[in-house]
Amino acid sequence: MKFDLSILAKHIPFLLEGAWLTLQACTLAVIGSLVLGLAVGAMRTSASPLLNRVAAIYVDIFRNIPFIVQLFFFYFGLPEIGIYIDAFTTGVVALSVAGGAFTSDVIRSGILAIDPGIIEAAQVSGLRKSTIFRKIILPIALRASIRPLGSVFINLILTSSILSTITLNELTGSAKIVASNTFRPFEVYFVLLVAYAALTYAVSILIGMLHRHLNRHQQEGAV
């Protein structure tokens, strides 16, 4: 069979709709996982044993359960107890909760890597704990964690392809439909490979640019 991408021309708008849905879901999931990761990361470095334990349990649970099982629980399991969520919202929530567990580990590592002398100096100056965390600890931890956070976010984008299993026609779901309609899976999935590669490559470039921007003062000092 001859390789021919032209047969997909009329399906491009449908595939673009799926790509746009993927972009929306991933953007919201990145925001959700970052918010959760910040909260849980702070809890895991807290002096409170209770907060620390609760955060550790959350991370252990969602890091050690396959994402597809979590997704099915939210989409197929929750309705059994009267909680109904549409496929898109379910996908965003599931990605956010799963991603938050990994993001929290990155944030925690960034916080623990901060020089204790910086925190002690802030405490001596009379700043409140909340102010120290918000204006000193968090900015330094985030700056140091940009690259590993980028890897977590790229993994979220790749994991979003599983959302097609709950009838969400994001990029992978749309590709499945086009492949079944055209009987040309090779061309369809070739385009899908290129699309995900381009998307993740673009994100990695943005992460690299952000990392250089946030650490520009350190680079200038080194020079």
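Predicted model: local features only at pLDDT ≥ 70, side-chain atom pairs only at ≥ 80, totals over all residues.
Three salt bridges were found in a search of the whole structure. Asp105 takes part in a network of salt bridges with Arg44 and Arg63. In the Asp105–Arg44 bridge, the closest N and O atoms lie 2.5 Å apart. Asp105 has a relative accessible area of 16%. Arg44 has a relative accessible area of 17%. Each value is under 20%, so Asp105 and Arg44 both count as buried.

The side chain of Asp105 also meets that of Arg63, at 2.1 Å from N to O. Here too, distant parts of the chain are linked: Arg63 belongs to helix H2 (residues 49-63), Asp105 to helix H4, and the two are 42 residues apart. Arg63 is partly exposed, because its relative accessibility is 40%, between the cut-offs of 20% and 50%.

A further salt bridge joins Arg184 to Glu187, with 2.5 Å between the closest N and O atoms. Both Arg184 and Glu187 are buried.

Helices H7 (residues 171-182) and H8 (residues 185-214) form a contact. Their axes come within 8 Å and cross at roughly 160°. The angle is over 145 degrees, so H7 runs roughly antiparallel to H8. The crossing of H7 and H8 is right-handed. From H7, Leu171, Thr172, Ala175, Lys176, Val178, Ala179 and Thr182 take part. They meet Pro185, Val188, Tyr189, Leu192, Ala195 and Tyr196 of H8. By class, the contact comprises ten nonpolar residues, two polar and one charged.

Definitions and conventions: Residues numbered from 1 in each chain as written. Heavy atoms only, no water. Axes fitted to C-alpha atoms, helices over the stretch in contact; angles between N-to-C directions. Helix = DSSP H or I, 4+ residues; strand = E, 2+ residues; numbered from the N terminus. Parallel < 35°, antiparallel > 145°, perpendicular 65-115°, else oblique. Left-handed = near helix turned anticlockwise from the far one by under 90°. Contact = heavy atoms within 4.5 Å. Nonpolar A, V, L, I, M, F, W, Y, C, P; charged D, E, K, R; others polar. Salt bridge = Lys/Arg side-chain N within 4 Å of Asp/Glu carboxyl O. Buried < 20%, exposed > 50% of the residue type's maximum accessible area, 1.4 Å probe, protein only.
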